[in-house]
Amino acid sequence: MTARRNAWDVVGQPTPLIDGIEKVTGKAQYTADLPAPGALVGGILRSPFSHARILRIDTSAARALPGVRAVITGEDCAFTYGVLPIAMNEYPLARAVVRYRGEPLAAVAAVDEASAAQALRLIRFEVEELPAYYTAHAARAADAIPLHADKPGNIERAVHHRFGDVEAGFAEADLVSERVYRCAEVAHAQMELNAALAEYDPARDHLTLRSTTQVPYYVHLMLARCLAMDMSRIRVVKPFVGGGFGARVETLNFEIIAALLARAAGGTVRLQLSREETFLTHRGRPETEVRLKLGMTRAGRLTACACEVVQRGGAYAGYGVITILYAGALLHGLYDIPAIAYDGFRVYTNLPPCGAMRGHGSVDVRFAFESLLDAMAAEAGLDPFAVRRANLLAAPSETQNGLRIESYGLGECLDWVERASFWGERHGRLGPGRGLGMACSHYVSGAAKPIHWTGEPHAVVHLRLDFDGGITLLTGAADIGQGSSTVMAQAAAEVLGIRLDRVRVVAADSLLTPKDNGSYSSRVTFMVGNATIDAARALRARLVAAAAERLGAPEEAIACEHETFHVAGEDGREMDFAEVARAALARDGGAITAKGSFTCPVAFQGGKHKGGAVGATMGFSYAAQVVEVAVDIDTGMVTVEKVWVAQDCGFAINPLAVEGQIQGAVWMGMGQAIGEETRYEHGLALHASLLDYRVPTILDSPPIALHIVESIDPNGPFGAKEASEGALAGFLPALANAIADAIGLRPDELPVTPDRLLEALAKRRRERRLARALEGVA
């Protein structure tokens, strides 16, 4: 970690999370833990067909079953929902057509689990099966019928962007390479299963929903839409959440179904999904094919990039438009590339919908880019680090697609991982079956434009001071384990000059807290952090005014540190925080509330081209990493021996949390690189348990040497940027490049499972035999 650049009292100090005690002692209550005496049990009937027209659903026998209080179908909700206003094409329960195996058809609420299960078995339905498409290629075939009538060719979104003279760039290059890369679909595999607790008060027409969400405000919007209720009659609460990683950054069908059931039953319904159902509602990273072409000079300078991306998006829109735009937008912002052409295709298929996942949109393309760049460096006889350094950006600057670069610590990241891994002494010299690989990556610190544009600030925080002398921080931001509530408390305490334990955080309850757009795209530290500082400055001004009045000094002469207000340069004229708080409460007529807000300036909201807002942010994080592997060519097993990673997070408000987030990003990247993969057979999920979906365990986890680079972003709170996602994308190509160093074979498909690696080795042997045979003939 770099030396502290400022003598902060609270921020910049390694700080245990303020909710950590509840979590490690088991006191934390997650949605499934919440007490609800007398709550009905919800259950969902799911389609056994991948694509079918619904002819009839008969619920009469289920309704007649003793103990059943409500049965609903698609006929009970005529409104679509979705995270994007321009792409709401999904119903909570299928209407007219089912488009993937596992899509909800009907739901019940009953007095116990047995009754609910029996009611689901009693529901009868008739369908007319339709052709089903499980690959992007099949869905794009000329004779494929559209899954959605308004999307011919099953293309959800096609993107075509051109920046610079790409043809001239390739003509200028001394080396041009092109290759196709494939990445399997992956899911978030968060520990906590999806669950919702919905309480409906029929006398008042009020609904309260508690759910496993990252975006309480978006859930609030969709509940109001789908239930046709005034938003003031709805309350959404986010309890403790056991992991999100993007799985919960949009409203999910079970949340709306729970609310519909509660209203139909006139009471409280608890709906808990199984692990299989949670996988079916995964919204993970889509299966992706990347065709990449790069041009480079003999000195390693990039001259042009042409990239085509095809994503298998699943049956509904979700975040699909954003994902395919991110894939192209974030080709920019890491290196200085004079010309870039991007063609992206998001394709509808008859599989569960994909969505956002940690490193949203950037990960698979970064795997392809860094892999091909490494291969070209080897072909040109250049060191991989030298090639990256030949293409570094400068700060401040602006990319051709309108992304603003205000701080850029990638060079320092490269320097550290190169030194720490002894790259120069060890790369290419570890012996058979062992290798080192490196790669770089970056990510946004929050999307510059909100998804639902209302004209309101992007983040709002309230600070309240009352008679007890405590500071209550009210925020709609969702802490899902990343430590955002702790960061907000640190920011408030720092500005106010008080102890951290004087600040208590109340988060994500629409009855009490101001609106926040949610936890996604690493926006909370940057945006809500700045709003917190704004609120704290406003509250501090009122405290200073009260202290100045009591001390008989001008406000500009009052200083505050360590909970003491004093006249600068004078001894003895001081008041402690409790005295000043009482004086301020008396002066202001009781409890004081200060509001802070943050809005991303228009200058940072992206280029003027279509889709230009996606990828735009006020600050990018940057990361470099080196991975060491051991490869067993007899079994195909790849073992990660060690990882060195450095990340530029601007400023580490809480270095302890930053370290954990970077380690988690590396670990998640390792999962996608070596084992994780969703698999379907005729639309049936074959991976729907944590036995079948292979996430790394502690036995797979290597030592991670970590370094925090602090570039001090001019717009971030105390100079901070995102710290959770930037390092993830770099692990995948670093591992692939390490395998190339170990055995001379460059993987172009993920995950690198033993069977895939053995097949690639067998293919190489066949090609070598053929080449020798042809030489013999010649």
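Begin by selecting strand E2 (residues 52-58) together with strand E6, two strands that run antiparallel and are joined by six bridges. Helices (H or I, at least four residues) and strands (E, at least two) are DSSP runs, numbered from the N terminus, and two strands pair if DSSP finds at least two bridges between them. What you have open is a predicted model, in which local features need pLDDT of at least 70 and side-chain atom pairs count only at pLDDT 80 or more, while totals for chains, interfaces and linings use all residues. Residues are numbered from 1 along each chain as its sequence is written, and side-chain values use heavy atoms, with hydrogens and water left out.

Next, select Arg283 and Glu90, whose side chains meet in a salt bridge with an N to O distance of 2.9 Å. Arg283 lies in the loop between helix H8 (275-280) and strand E13 (287-296), and Glu90 in the loop between strand E3 (68-73) and strand E4 (97-98), so the pair ties together parts that are 193 residues apart in sequence. A salt bridge is a side-chain nitrogen of Lys or Arg within 4 Å of a carboxyl oxygen of Asp or Glu, and the structure holds 45 of them.

Two prolines come next. Pro396, in the loop between helix H11 (384-389) and strand E16 (397-398), is joined to Ala395 by a cis peptide bond with omega about 0 degrees. A cis peptide bond also joins Leu750 and Pro751, again with omega about 0 degrees, and Pro751 lies in the loop between strand E31 (749-750) and helix H19 (754-777).

Now move to residues 558-561, strand E22, which with E24 forms the edges of another sheet, each pairing on one side only. This open sheet has three strands in the order E22-E23-E24, and the pairing is antiparallel. E22 and strand E23 (residues 564-567) pair over four bridges, and the bridge partner of Ile558 in E23 is Val567. In the loop between E22 and E23 you will find His562, which has a positive phi of about 55 degrees although it is not a glycine.

Finally, select Glu574, whose place is in strand E24 (residues 574-576). Together with Asp571, Asp576 and Glu579, Glu574 belongs to a patch of negative charge on the surface. Patches are made of residues with over 30% relative accessible area and no salt bridge, with like charges joined within 9 Å and nonpolar side chains (Val, Leu, Ile, Met, Phe, Trp, Tyr) within 5 Å; the areas come from the Shrake-Rupley method with a 1.4 Å probe.

Technical notes. Lys, Arg positive; Asp, Glu negative; His and termini not counted. Charge placed at Lys NZ, Arg CZ, Asp CG, Glu CD.
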